[in-house]
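I opened the notebook to look up a few things in this structure.

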Amino acid sequence: MTTSLPLSPRRLDGRRIGILAESDYVEDEISYYRRRFGEEGAEVVLLSRLWGQSSLTFTGHEQRAPLTVSDDLEELDYTRLAGYSALIVPSGHVADRLRYSEDVNRPAPALDLMRRAFRLPTLVKAFSCHALWLVSAAPDLVAGRDVTCHNNLVGDVRNMGARYTDQDVVVDGDLVTTRTVEQCHLLARTVIDLIDPVAEAAA
């Protein structure tokens, strides 16, 4: 007679995690986040600027894999954003593409989203590799905060007033940053630890 072991409780049941997407995303990174957060019971939502379309399909950076997104980041007002536990800006060229504005005198919608996100201290904001590009036009969001990033961005984050820290992953309150896409597993683990309700209750 065999006895089955009880299943480990999923740490993020009922939680929602948003991941920004655009073309030239890193396929393995996005796949890892979707799988890892899903294993813990989280709902993973891909978000992008849809330009009035019901969905858009983006192309990966390395394998040219397609990725279809049907959730528009412009629809995330404060009420909807409050339903998320974490918002992740991944590696690749996602941040650079999303910071585009057709009117140079107005911020990109993705930057407006980040401004709303940074006003919600219960929402974890995570940036991988080059992702801090997205908030380069809003340096007040990270000024005085500890961050890490790809070596190519060190000068940028210092010009933004952030404190560059030579580590693979850095946590400053509700802000998580990692050095490169190679640390995507550390980013995921850190986000899980920060939003795990059991861990929160024990803190």
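Is tyrosine 100 buried, partly exposed or exposed? I looked it up in the model, which is a predicted one. Tyrosine 100 is partly exposed, because its relative accessible area is 46%, and the band for that class runs between 20% and 50%.

Next I checked its ring. I searched the whole structure and got three aromatic pairs. In one of them, tryptophan 51 and tyrosine 100 sit 6.5 Å apart, centre to centre. Their planes make 35 degrees, and the pair is tilted. I then asked where the two partners lie. Tryptophan 51 is in the loop between β2 and β3, and tyrosine 100 is in the loop between α3 (94-98) and α4, so the pair ties together parts 49 residues apart in sequence.

I stayed with tryptophan 51. Its phi is near 55 degrees, which is positive, and the residue is not a glycine. Tryptophan 51 counts as partly exposed, at 42% relative accessibility. I also found arginine 49 over the face of tryptophan 51, at 3.6 Å from the ring centre.

I noted another positive phi. Aspartate 24, again not a glycine, has about 65 degrees. I placed aspartate 24 in the loop between β1 (16-20) and α1 (27-39). Aspartate 24 is buried, because its relative accessible area of 14% is under the 20% cut-off.

Then I turned to the sheet. Seven strands form an open sheet with mixed pairing, in the order β5-β2-β1-β6-β7-β11-β10. I marked β5 (71-72) and β10 (169-172) as the edges; each has a single partner strand, so one side of each has no neighbour in the sheet. Inside the order, β7 (124-128) and β11 (175-178) run parallel and are joined by four bridges. I see lysine 125 opposite leucine 175 in β11.

I looked at what packs on the sheet. Helix α4 (109-118) touches β1, β6 (86-89), β7 and β11, and its direction makes about 135 degrees with that of β7. Helix α6 (184-195) touches β1, β6, β7, β10 and β11, at about 175 degrees to the direction of β7.

Last, I checked a further ring pair. The ring centres of phenylalanine 118 and phenylalanine 127 are 6.2 Å apart and the planes are at 35 degrees, so this pair is tilted. I logged both phenylalanine 118 and phenylalanine 127 as buried. Lysine 125 lies over the face of phenylalanine 118, at 5.4 Å from the ring centre.

Methods
Residues are numbered from 1 along each chain as its sequence is written. This is a predicted model: local features need pLDDT of at least 70, side-chain atom pairs count only at pLDDT 80 or more; totals for chains, interfaces and linings use all residues. Side-chain values use heavy atoms; hydrogens and water are left out. Helices (H or I, at least four residues) and strands (E, at least two) are DSSP runs, numbered from the N terminus. Buried means under 20% relative accessible area, exposed over 50%, partly exposed in between (1.4 Å probe, protein chains only). Two strands pair if DSSP finds at least two bridges between them. Contact means heavy atoms within 4.5 Å. Axes are lines fitted to C-alpha atoms, for helices over the stretch in contact, and angles run from 0 to 180 degrees between N-to-C directions. Rings of Phe, Tyr and Trp (its six-membered ring) pair if their centres lie within 6.5 Å; planes under 30 degrees apart count as stacked, over 60 as edge-to-face and the rest as tilted. A charge sits over a ring if NZ of Lys or CZ of Arg is within 6 Å of the ring centre and within 35 degrees of the ring normal.
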